[in-house]
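Please open the model in the viewer and follow the selections below in order.

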Amino acid sequence: MKNIVVLISGNGSNLQAIIDACRSNEIAGNIVAVFSNKPEAYGLERAKLANIPAHFIDPANFSDRVAYDEALIEQIDAYQPDIVVLAGFMRILSPAFVTHYQQRLLNIHPSLLPKYPGLHTHRQVLANKDSFHGVTVHFVTEELDGGPMILQARIPVLPDDTEQSLQARIQTQEYRIYPLAISWLAQERLKMVDNQSFLDGVALFDNLD
């Protein structure tokens, strides 16, 4: 069983999906700790309700992003993680943090990457009158939302969609595909080699170069 650490900043609904998947043995691992940069993040409460150690690390106590990430690494490593999962962690990570957890650091982003990295993806989809929207699980690299893609889910954009309705429908897909990608990594079926994702030795999204 793999040790999984989850980083959050908010409600923690993806965290809950991962907790549920671990409990039902869909993921061959256990969440050993949850960390947040926001004290009010409800995800911390979700962790406590599941008897998972929950930690708030205050960015205000550190001089800069690098110092914060160094402290975060130290506390995460106390749990000997095999996998580190970003689940709505709203901070840009330092290169040192990304390098430290390279090949075992995952993120989920609410767009069909490489379209719409960064924030306000639902708004951009509506503004550009896209026919489809989606969500992407990817390995984390130093490039913002630019790491090797692992898995995507796509939904049609409906005529009466709003940012809120798109977000709700996208989140339903997130709860389905994020635990799946984590399970692949926990089973050691998923690997990152030369900035490319491989599942069972087969390159994923190889046609996007």
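Select Gln103 in this predicted model; the residue sits in the loop between α4 (95-100) and β5. Its phi is positive, about 80°, although Gln103 is not a glycine. Most residues other than glycine have a negative phi. Gln103 counts as partly exposed, because its relative accessibility is 47%.

Next, select β5 (105-109). Five of the five residues of β5 are buried, so the strand is largely enclosed by the rest of the structure. Leu105, Asn107 and His109 point one way from β5, whereas Leu106 and Ile108 point the other way.

Display Leu86 together with Asn107 of β5, its bridge partner. Trace the chain from β4 through α4 to β5: this β-α-β crossover is right-handed.

Display His109 and, opposite it in β6, Thr136.

Move on to the loop between β5 and α5 (121-127), where Pro114 is found. Select Leu113 as well: the peptide bond from Leu113 to Pro114 is cis, with omega near 15°. Most peptide bonds, by contrast, are trans.

Finally, select Asn195, in the loop between β8 (190-193) and β9 (196-199).

Methods
Residues are numbered from 1 along each chain as its sequence is written. This is a predicted model: local features need pLDDT of at least 70, side-chain atom pairs count only at pLDDT 80 or more; totals for chains, interfaces and linings use all residues. Side-chain values use heavy atoms; hydrogens and water are left out. Helices (H or I, at least four residues) and strands (E, at least two) are DSSP runs, numbered from the N terminus. Buried means under 20% relative accessible area, exposed over 50%, partly exposed in between (1.4 Å probe, protein chains only). Two strands pair if DSSP finds at least two bridges between them. A crossover is right-handed if, with the strands pointing away from the viewer, the path from the first strand over the helix to the second runs clockwise.
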